[in-house]
Amino acid sequence: MLTLKKYTFLLTLIIVSISCEDKKENFYFEKVTPPKEDSTKVWLRQNDNYQEDKEHYLKVFFKYYNTKLANKEYLNASKILDVITTKFVYFYDFDPRLTETVDAFNLKYRNKLPALKTTHIDNYYANLEFDRDNVKKAKDYFLKITALEPNDYKSCYKIARAYYDLSYTYFILGDIELSIEANEKSRIYSERIRDKESIVSVHLNYINIYKANGSFEKAISSANEAIKVFKEEGNTYDYFMAKYNKCSVYGFFGKTQLKNNYIHTTYKEYLDSKFDSDVLLLCLSDYEIEALLNENKTKEAKIVLDRIRPVAARNTSQNWQNDYQAALALYEIKNDVKNCNTSYIEKALPNLLANENYERANLFYTVLLEKAIQNKEFEKAVFYTKEAYRTKDSLSNIQNKLENLALAAKYETKEKEQKIQLQHETISKKNTTIFALALVFIASILSVFIYFLKQKQMKLFKEKEQSQQFTKNLLDKTEEERKRIASDLHDSVSHELLALKNSFEVNHFQLNEKVDTIINDIRAISRNLHPVLFEKIGLVNSLEQFIERIENTHQFMISSEFNYQSSLSSEKELQVYRIVQEAVTNIIKYANAIAAKISIIETSEKITLEIIDNGIGFNVEETLQSKDAFGLHNIIERSKAIGGISVISSSEKGTKIVIEIKK
Amino acid sequence: MKILIADDHPLTLQGTVSYVEKMGHKVVCSCSNGKAALNYIQLHTPDLAILDLNMPGLDGIEVAQKIFENKSQTKIVLLTMHNEISVLNKAKEYNIYGYILKDKAFPDLENCLKEIENGKKYFSTSMHNNFKLDPTASSDVLSSLTLSERKIIELIATQKTSKQIAELLFLSEKTVEGHRTKIIEKLGIPKEKNALLIWAIQNIKK
């Protein structure tokens, strides 16, 4: 029983430790392998299919999407819409047909689904507004997403991305403090899903944040970190995007030479990579054109410009359109300042300023400044210079620069602390695992040990049982034999003697006496060998007669108390009788007692035999170990044979033998 | 009287039959085992059955038990070599009419049959004093006392109180008091204070 208790305790311990581990796990979300998707959905997921034939791609999507809606499979419709919107946002393609679809879904079906499952709608709108330079509106949409708490891997990923975008949005709005905060949030949620790319994206934002803070080295090192990880992860798109950002850092800090060289190699690297992305081509080309114009390589700039002209024409992103227009304007200014058309830029500026899109406003002012200088319109040039500086400063208020630097540093230490904590958690998790494993190991060893112990115990028990059985058999056989001898003596010999006696003449008095004595002797021997008709008469009657005989022969008083219902078998009763016989013989031989008492008390559970005397007593331990303790061993063995437990205690005031036989 | 005799010992059986017939009784059946005896008794109900104790099949006591349970009119006498009070006590439970020891059959059996004819029971007189060895060293006066009584008076002589005596002999104080009264009666000691104590000190020698 005890070992069982131990075992249960161990098991509970293991379960508790495992469940503890589970609680810690809640912070993280594990990526779940999605169920197998149908072929259309898989097809729609592939970028190639979009890029090869967008019209066909859209057709397939609408057919699939409308079927799902018709079947009232709103969740599935939402899921496919998620795939498509994400893809279009990735390609900066804000096709009005898709926007229409999103609008319709937002109005009719969105409320049928949980908020966490429809964040892609807000994400689409946010990106759309962002692209339209409505940065503030975009910010509100992102905030809508970040207000939610994730409940699985996917929702956590979406929220991490939303924070990432929000951080960039704040940066554009010139609120570096909030930008840092959102960026750090993005890091936390990314860590909760352990998504390496998502985590490193944080660096992309830091490039801009450090840039705005005037911290060149930090901005570059963030860029390098991002470039490194994206390359490792094989994420070509973000790899080049990070390089593009690095270029912007060089530009921002006026390191024109570095910028020019860097964009040349990057642009070449991009072309060599054969990676096909309109967005990358556009943005890298913009810088390349800028660099080439800076170096007065107008012809080369034209080649690059011509290459992107068709791409820009089909691109639906206003963002890249703006950048393209800026690049185009720069080229035209350099090439033919008289005929260049900057009306697009001039028209766009008020909207940019209203939306506090300082980064692009800065870019445009730079273009206009360039034009003014070329046109030798110095008044305008002074104004544009001022405006360019103003917009640049707006990206990060000079006053706040130091504060923000400190904040960033704080986050950096926080980040380190977080990493340390994360490591601690991992270690403690590992420790728990090791602990649990060790426990399991110990438990299994223990169980094996217990098993063997049990086996051994069982074997011992069996052996003991066997030996007990043997003793019992031996005792029974002995009794049988004694009984046979007794009855032989009594029945044959006595009868023969009787016949002999009867055959004598009447006056052979002396002879008769002798024969009677012999008959009585044989009776006594026979009686000692086996109590007469024991099976018939029973234990109590036999014992009473035994006591009476002892009292008469030895003038020794034995009181008795019998409360026994004959519930033992005859064989067992005989053993009890033998035990009493043995004990009383010992008392008479050695105890020097005034009297003794024999009692048999039966209760519902057991039978208790007790033999007490008030003799001189003896040392039980010593006697049992000495050679002449046959009588005592006899008592112990007999009581074992009938399934009893014997306790022998003795002092100078007397001896007590108690035998308990369980029923 | 119509008598059945059962004994597995042929010589004894023959002896008993001729002895009973000599006394003028009619032996209607003689058999060598308990089963045959029981069958005959159940069928013919003789007046008396003289049964040996040890017999194959059913023994004397078992036959007596069956007869007793069947409320048969046949009276049972056990004739045996067993000089055992315990056996006699057991047999008495089945309302036997006589218990005769074989070695004392002559003349006990004759006396027994006479008693039964008069409607009485008879048990061998030699049974009771069987255990007693020769009277011990104790004086003649004490021989009328039982062992317990003798032990008690010996202890009284050593000036033990009733309580102490009770403890020493594993008896209750009440029992000891009872014994004291019996002793006083048996020895004819006047009912005075401490009379028994004085008597004991004077008469019991260590």
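The accessible surface of chain A in this predicted model comes to about 34,800 Å², and carbon and sulfur atoms account for 56% of that area (Shrake-Rupley method, 1.4 Å probe). Of its 663 residues, 47% count as buried, meaning under 20% relative accessible area, with a 1.4 Å probe and protein chains only.

The overall dimensions come next. Along the principal axes, the C-alpha atoms of chain A fill a box of roughly 180 × 55 × 40 Å. The radius of gyration of chain A is 53 Å, whereas a compact globule of 663 residues would have one near 26 Å; this radius is taken over C-alpha atoms, and the globule rule is 2.2 Å times the number of residues to the power 0.38.

Chain A holds 27 helices and five strands, which are DSSP runs numbered from the N terminus (helices: H or I, at least four residues; strands: E, at least two). Helix α16 of chain A makes a friendly example. Its 17 residues, 298-314, should span 24 Å at 1.5 Å a residue, and the end C-alpha atoms are 25 Å apart, which agrees; the expected span is 1.5 Å times one less than the number of residues. At Ile308(A), α16(A) bends by about 35°, the angle between axes fitted to the seven residues ending there and the seven starting there. Pro310(A) follows within four residues. Ile308(A) is also among the buried residues of α16(A), which include Val304(A) and Leu305(A). Their cover includes α14 (256-273), α15 (278-294) and α17 (318-335) of chain A.

Residues are numbered from 1 along each chain as its sequence is written. Local features need pLDDT of at least 70, and side-chain atom pairs count only at pLDDT 80 or more.

Note on methods
Chains lettered and ligands numbered in written order. Heavy atoms only, no water. Buried < 20%, exposed > 50% of the residue type's maximum accessible area, 1.4 Å probe, protein only. Contact = heavy atoms within 4.5 Å.
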